[in-house]
Amino acid sequence: MIVRTTDEITGTERDVAAGHWRSKRIVLGGDRVGFSFHETVIEPGTVNEFHYANHVEAVWLVEGEGTLLDRETGVEYPLAPGTMYLLDGHERHTVTTKTRMRMLCVFNPPVVGTEVHDENGVYPLVAVD
C-alpha cells in the first residue's frame with residue numbers, strides 16, 4: 001500500500017514547475033502500478049500548448065474554468081469543475097485558462113518523474129529502471 005499527501009510532495013523532486021503550470025506527481029512509474037497520477041495547477045490567463053505523443057492522459061478538472069482546443073479538429077470545449085477529457089488519440093491540444101485551474105491527471109504509460117515538456121509540448125517516453 002502507498003499513502004502520500006500533496007504536502008509531503010511539495011518542494012521535492014515530485015513537485016515540478018515549468019512555464020505556467022505546476023505538477024505534483026503523486027504516483028510515478030517507479031511505483032510500478034502501470035500508470036502515473038498527478039495534481040496539476042495551471043495559472044490564470046494563460047495559453048498552454050501540449051501534445052502527449054507517447055502517453056494517453058485522462059484529466060479531471062476539479063477547480064477553475066477555461067477552454068480546451070483540439071488542434072487536430074479545431075473543436076473547442078468549455079472546461080469547468082467536473083469536466084473530464086481523455087487524450088486517447090495523442091491529440092495536440094491547447095488549454096486556455098480563465099481562472100486558476102486545478103486538475104487530476106492519469107498517464108499511461110506512467111511518467112517516471114523527470115519528464116518536462118519539450119518545445120512541442122511533448123513528454124519523452126522514459127522507461128522505468
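Begin by selecting Phe107, a residue of strand β10 (residues 101-108). In this predicted model, Phe107 has a relative accessible area of 2% and is therefore buried.

Tyr52 is located in the loop between β4 (47-51) and β5 (56-63). Its relative accessibility is 6%, so Tyr52 also counts as buried, the cut-off being under 20%. Orient the view on the two rings: the centres of Tyr52 and Phe107 are 5.1 Å apart and the planes stand at 80°, so this pair is edge-to-face. Because Tyr52 belongs to the β4-β5 loop and Phe107 to strand β10, the contact ties together parts that are 55 residues apart in sequence.

Now select Phe50. With 8% relative accessibility, Phe50 is classed as buried. In the pair formed by Phe50 and Tyr52, the ring centres lie 6.2 Å apart and the planes meet at 10°, so the arrangement is stacked. Show the three residues at once: Phe50, Tyr52 and Phe107 make up one aromatic cluster.

Which state does Val106 have by its relative accessibility: buried, partly exposed or exposed? Its value is 32%, so Val106 counts as partly exposed.

How values were computed:
Residues are numbered from 1 along each chain as its sequence is written. This is a predicted model: local features need pLDDT of at least 70, side-chain atom pairs count only at pLDDT 80 or more; totals for chains, interfaces and linings use all residues. Side-chain values use heavy atoms; hydrogens and water are left out. Rings of Phe, Tyr and Trp (its six-membered ring) pair if their centres lie within 6.5 Å; planes under 30 degrees apart count as stacked, over 60 as edge-to-face and the rest as tilted. Buried means under 20% relative accessible area, exposed over 50%, partly exposed in between (1.4 Å probe, protein chains only). Helices (H or I, at least four residues) and strands (E, at least two) are DSSP runs, numbered from the N terminus.
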